[in-house]
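Here is a short report on the model shown below. It takes the chains in turn, then the places where they meet.

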Amino acid sequence: MTNQLRLALFGVGALCVGALLVWGVLDLPAFGHYAGPYGEIIARVVEPQRHMANAVTAVVFDYRGFDTMGEELILFSAASAVALLLREIKEEDTISVVDAVRSDALNGVGVLASVTTFVLALYVVAHGFISPGGGFQGGVVLATAFLIVFLTVEYHAYERLATTRFAEPLESFGAGAYVAIGLVGLGLGFSFLENFLPLGVTGRLRSGGSAAIVNWASALAVAGAFVLIFSEYLEGNMAARYGRGRRL
Amino acid sequence: MVPLQSVALLFVALGALLVVLARDVVRQALLFSLYGFALVVLFLVFQAPDVALSALVVSAVAYPIVLVGALARVAAHRKRRG
Amino acid sequence: MLPYLLAVWIFLAGLYGIVTSRDLIHTTVCVSVCQSSTYILLLAIGYRKHATAPVYGDIPSSRRVVDPIVQALTLTDIVVAVAVSSLLIALALRVYDSSNSLDPSQIVGQRG
């Protein structure tokens with residue numbers, strides 16, 4: 001197919017799809033005049049009912065916890081598939097990598113920044129029900145803490161800290177714990193992923209009940225998944241750059 | 001609509017166009033990160049701080065590592081083959 | 001109305017990028033652009049005039065807030081989107097391994 005033909009076909013298709021989409025959005029309530037009852041109800045009941053200050057995390061980990069479990073498992077399978085597709089590199093391919101940053105100042109600042117980022121990640125996760133944040137965002141920040149070691153110290157130091165041997169169990173444990181909490185609730189006579197622990201005081205660190213554990217489980221799963229994805233990409237890169245490289 | 005929202009909308013619309021029109025993949029990866037930050041600003045002015053935080057960590061860390069990782073891998077391989 | 005049209009615009013722009021793409025990694029980024037139109041559509045539907053974010057830290061509980069449900073959906077959407085993109089790019093790298101090219105027009109018809 002020639003490029004002109006392809007573009008002409010796309011033009012016709014895009015016109016039709018665009019017209020359909022515009023037709024669709026024309027009947028939506030006007031911007032700024034949200035009409036649906038659900039968000040309004042959640043916003044009113046979240047504080048008295050669940051003792052959580054952040055309505056968004058309350059929806060993610062409590063009201064729609066089952067939905068989030070699905071998302072968690074998508075993340076889990078995507079990360080596993082990346083590992084499966086990219087893991088062709090043997091350990092001896094990356095053993096000859098010389099990648100150390102030769103600056104004491106940079107190393108020192110890097111370690112400091114990594115530790116600070118780690119603490120920041122724990123803060124973001126822990127305050128998920130109080131201020132914007134939570135398991136998803138905190139999990140990615142947690143993975144970033146490891147990446148800073150790669151950027152400022154050395155590839156092998158990163159590898160030792162965040163080996164796939166460490167990331168994979170972490171990811172599996174997080175995803176497993178998420179499901180397990182739902183099953184524990186089920187065993188105690190509640191519905192699946194229903195909040196069954198004391199709810200605590202709104203705005204305090206110890207609030208959220210069993211949804212707080214779900215929050216931490218998803219933080220571990222997200223952090224593990226992203227460390228795994230990053231490790232696979234970095235490993236392939238290092239092998240292609242420095243190793244003998246059978247294929248890539 | 002608040003003026004700030006209009007400006008953010010404009011930046012996002014332009015950003016998306018620039019990202020898809022970029023032919024060079026490295027330039028596109030850079031533009032995609034900028035587009036990500038335009039989205040972060042849009043989410044902020046739409047009163048969605050949780051979403052903004054999520055988009056921020058993703059466009060600042062996750063996408064660049066994956067994209068640059070893949071591009072560098074392909075580039076190293078092409079260089080090796082000459 | 002404008003934010004909804006922006007979502008349509010971004011979706012079509014992403015489609016254009018996918019159709020004209022000459023590089024599988026480029027295609028993946030265009031898919032991500034397409035996906036970002038859903039974030040804008042969702043958030044635009046839940047937005048309310050003169051409302052604040054649904055976080056009751058320092059605001060009275062009687063305050064008008066935007067819809068938290070669509071925000072929760074968008075939040076998980078974004079994190080899952082990047083994981084799926086990295087999976088697509090990993091697939092593209094595998095294709096490059098077997099056919100030494102990322103250009104779809106050169107890959108078609110080749111036997112790995």
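Chain C has a radius of gyration of 19 Å, whereas a compact globule of 112 residues would come in near 13 Å. This is a predicted model.

**Chain C**

Chain C is built from helices. There are four of them, and zero strands. From the N terminus on, the order is α-α-α-α. The C-alpha trace spans about 65 × 25 × 15 Å along its principal axes. Of the 112 residues, 59% count as buried. Take the contacts in chain C between residues at least 6 apart in sequence: 52% of them join residues at least 24 apart.

**Chain B**

Chain B has three helices and zero strands. Its elements run α-α-α from the N terminus on. For 82 residues, a compact globule would have a radius of gyration near 12 Å; chain B has 15 Å. Its C-alpha trace spans about 55 × 25 × 10 Å along the principal axes. Buried residues make up 52% of the 82. Of the contacts in chain B between residues at least 6 apart in sequence, 49% link residues at least 24 apart.

How confident is the predictor in chain B? The mean pLDDT of chain B is 91, and 99% of its residues reach 70 or more. Within chain B, H2(B) has the highest confidence, at a mean of 94, and H3(B) the lowest, at 89.

Those two helices also pack against each other. Helix H2 (residues 25-45) of chain B and helix H3 (residues 49-81) of chain B meet at an angle of about 175 degrees, and their axes lie 8 Å apart. The angle makes H2(B) roughly antiparallel to H3(B). On the H2(B) side, the residues in contact include Val25(B), Ala29(B), Phe32(B), Gly36(B), Val40(B) and Phe43(B). On the H3(B) side, they include Pro49(B), Ala52(B), Leu56(B), Tyr63(B), Leu67(B) and Leu71(B). By class, this contact has 19 nonpolar, three polar and no charged residues.

**Chain A**

Chain A has ten helices and zero strands. Along the sequence, the pattern is α-α-α-α-α-α-α-α-α-α. The radius of gyration of chain A is 23 Å, well over the 18 Å that the globule rule gives for 248 residues, so chain A is more spread out than a compact globule. Its C-alpha atoms fill a box of roughly 60 × 60 × 40 Å along the principal axes. Of the 248 residues of chain A, 44% count as buried. Among contacts in chain A with a separation of 6 or more, 74% are between residues 24 or more positions apart.

The chain values side by side:

| Chain A | ten helices | roughly 60 × 60 × 40 Å | 23 Å | 44% |

**One residue in chain A**

Where does Gly185(A) sit? Gly185(A) is in helix H9 (residues 164-187) of chain A. Gly185(A) and Thr163(A) are 22 residues apart in sequence, and their C-alpha atoms are 33 Å apart in space. Leaving aside neighbours within four places in sequence, Gly185(A) is in contact with Phe190(A), Phe192(A), Leu193(A), Glu194(A), Phe196(A) and Ser210(A).

**Where the chains meet**

Start with chains A and C. Here 45 residues of chain A are in contact with 41 residues of chain C. On the chain A side, the elements that give two or more residues are helix H1 (3-26), helix H2 (37-50), helix H3 (55-63), helix H4 (65-86) and helix H10 (210-242) of chain A. Which of them gives the most? H4(A) does, with ten residues. By class, the side of chain A that touches chain C has 32 nonpolar, eight polar and five charged residues.

Now chains B and A. Here 18 residues of chain B are in contact with 22 residues of chain A. The side of chain B that touches chain A has twelve nonpolar, three polar and three charged residues.

Conventions
Residues are numbered from 1 along each chain as its sequence is written. Chains are lettered from A and ligands numbered from 1 in the order in which they are written. This is a predicted model: local features need pLDDT of at least 70, side-chain atom pairs count only at pLDDT 80 or more; totals for chains, interfaces and linings use all residues. Axes are lines fitted to C-alpha atoms, for helices over the stretch in contact, and angles run from 0 to 180 degrees between N-to-C directions. Helices (H or I, at least four residues) and strands (E, at least two) are DSSP runs, numbered from the N terminus. Angles under 35 degrees count as roughly parallel, over 145 as roughly antiparallel, 65 to 115 as roughly perpendicular and the rest as oblique. Two residues are in contact if their C-beta atoms, placed from the backbone, lie within 7 Å. Ala, Val, Leu, Ile, Met, Phe, Trp, Tyr, Cys and Pro count as nonpolar, Asp, Glu, Lys and Arg as charged, and the others, Gly among them, as polar. pLDDT is the predictor's confidence in each residue, from 0 to 100. The radius of gyration is taken over C-alpha atoms; the globule rule is 2.2 Å times the number of residues to the power 0.38. A residue is buried if 20 or more other C-beta atoms lie within 10 Å of its own, exposed if 12 or fewer, and partly exposed in between; C-beta atoms are placed from the backbone.
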